[in-house]
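Please find below my comments on the model under review.

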Amino acid sequence: MIAELVAEVGPLWRERHQARLASRQRKRAVGAGAKHQLVFVDRLLATLVHLRHGATHDVLACWFGVDRSTITRAIGEVRPLLAERGCSVTPGVRLQTLAQVVDHLGTTGKTGIIDGTEIRVRRPAAGRKDRDKFISGKNKQNAVKSMVVTDGEGHVLYCSPSEPGSCADITHARQLGLVRLLADGPAVEILADAGYQGLGAQTGGRVVTPPHRKFKKNAPVNRPGFDRDLRLWL
């Protein structure tokens, strides 16, 4: 497959590259100037990895030992050639708000999964008033937190704006309006971890969480098959 792409797309890339050079007034002799840091095969591989796995330009630059701008330029040149050949990312679901996510889950009948994710950040400046709010109670580090919603197959549907790391998962969900959207919206089912205990009662059982820790034996089951789904989910 790679050999076929190189044989088919390579000549087109070289042709367009030469056309760009010919369109500008030459200031150096033929063959002078900086040489390509990436051969065409590497440019193609970097573009394919970016499209298939979503690797960032910074990561690809580390892998190939070049500057990030080189990767950005390579992807910008090769991606249109692949699109002309029919190798493009299939348009999928584009959801911009949490309300659209809830409507999508209700329309498709899929089960959603919510969880909070933390990203470590540099310690805020000493004069900032809310400096201490960025300290995560879980990791004891300065971080920001976002709530991510996926479907049962792991497809990311929504990532919320970030909040300081000290914000609890359930508080963040309430601030985003998840309780109101689930209570007033379509009948959906969303799985969540213990950090969201309490949302089930507020949403009429639409948020399913593990049983409370106080139940040592004969813990109540939220719904049939909950234990099996929770094991697969965790």
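**Notes on helix packing**

1. Helix H2 (residues 40–53) packs against helix H4 (residues 68–85) at an angle of about 80 degrees, and their axes lie 9 Å apart. Axes here are lines fitted to C-alpha atoms over the stretch in contact, with angles from 0 to 180 degrees between N-to-C directions. H2 and H4 are therefore roughly perpendicular to each other (65 to 115 degrees).

2. This is a predicted model, in which local features need pLDDT of at least 70 and side-chain atom pairs count only at pLDDT 80 or more, whereas totals for chains, interfaces and linings use all residues. Residues are numbered from 1 along each chain as its sequence is written, and side-chain values use heavy atoms, with hydrogens and water left out.

3. On the H2 side, Phe40, Arg43, Leu44, Ala46, Thr47, Leu48, His50 and Leu51 meet Ile71, Ala74, Ile75, Glu77, Val78, Arg79 and Leu82 of H4 (contact: heavy atoms within 4.5 Å). By class, the contact of H2 with H4 has 10 nonpolar, 2 polar and 3 charged residues.

4. The buried residues of H4 are Thr70, Ile71, Ala74, Ile75, Glu77, Val78, Leu81 and Leu82 (buried: under 20% relative accessible area, 1.4 Å probe, protein chains only). H4 has 18 residues and spans 26 Å from its first C-alpha to its last, close to the 26 Å expected at 1.5 Å a residue.

5. The chain contains 9 helices and 6 strands (DSSP runs of at least four and at least two residues, respectively). Of its 234 residues, 33% are buried.

How values were computed. Parallel < 35°, antiparallel > 145°, perpendicular 65-115°, else oblique. Nonpolar A, V, L, I, M, F, W, Y, C, P; charged D, E, K, R; others polar. Expected span 1.5 Å × (residues − 1). Buried < 20%, exposed > 50% of the residue type's maximum accessible area, 1.4 Å probe, protein only.
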